[in-house]
Amino acid sequence: MSKSLGNVIDPCDIIAGASLQRRQFPHGIPECGTDALRMALCSHNVHGDDIRLDVGTALSYRHFCNKIWNAVKFVLAALGPDFVPQSPEETVPQHPMDRWVLSRLVQAVGECGQRMEALEVHGAIAAVHHFWLRSFCDVYLVGGPVHL
C-alpha cells in the first residue's frame, strides 16, 4: 500500500475494525485484535523497510489466536479443576499419543530457537503455527482424550 496513493490502512482499524467504504473493503475491515496484527507482522519475511500486509493475513491470525484460546479452554476443562501439574522431571508420558505430541513439541521448540537465533522471526512464527494447528489441534486433541 502506498501513502501517496492514499490506500494506507491505519493499524488501529485492523485492531478494532472499521466500517470503511473502499473498493478493497466493501464490508469494512473486521476486528482482528492486537495479537493477530502482531503475528501477521511477524510472519512476513522482511527484506527492507516495507511490509506488504493485507487484512486477510491479520484475519487469518485472528482465527489462529481464537483456536489457541479454544484449545486451552478445552484442555483445562478436560484436566478438571483439581488438576495439579507434575514437575517436568516427574512427568513420564505413558500413552504413545502423549509421547508423539511431545516429540513434535520438542521439534517445534528446536526450530523456533534456531529461527530466532538467525533473526528469522517469520520462521519461528511458522514453526509455532504449524505445531499448534497440525500436530496439537488437528491430531492430538482430535485423536482422543487429553492424557497429560
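Angles between axes under 35 degrees count as roughly parallel, over 145 as roughly antiparallel, 65 to 115 as roughly perpendicular and the rest as oblique. Helices are DSSP runs of H or I with at least four residues, numbered from the N terminus, and their axes are lines fitted to C-alpha atoms over the stretch in contact, with angles running from 0 to 180 degrees between N-to-C directions. This is a predicted model, in which local features need pLDDT of at least 70, side-chain atom pairs count only at pLDDT 80 or more, and totals for chains, interfaces and linings use all residues. Residues are numbered from 1 along each chain as its sequence is written, and side-chain values use heavy atoms, leaving out hydrogens and water.

The axes of helix α4 (residues 96-117) and helix α5 (residues 121-141) cross at roughly 170° and come within 7 Å, and the two helices are therefore roughly antiparallel to each other. Where they are in contact (heavy atoms within 4.5 Å), the residues of α4 include W100 and L105, and those of α5 include A127 and F131.

Helix α5 also packs with helix α3 (residues 55-79), at an angle of about 45° and with the axes 11 Å apart, which makes α3 oblique to α5. Among the residues in this contact are F64 and I68 of α3 and W132 and F136 of α5.

Within α3, Y61 and F64 are three residues apart, and therefore separated by about one helical turn. Both Y61 and F64 are buried, that is, under 20% relative accessible area with a 1.4 Å probe, counting protein chains only.

Methods
Buried means under 20% relative accessible area, exposed over 50%, partly exposed in between (1.4 Å probe, protein chains only).
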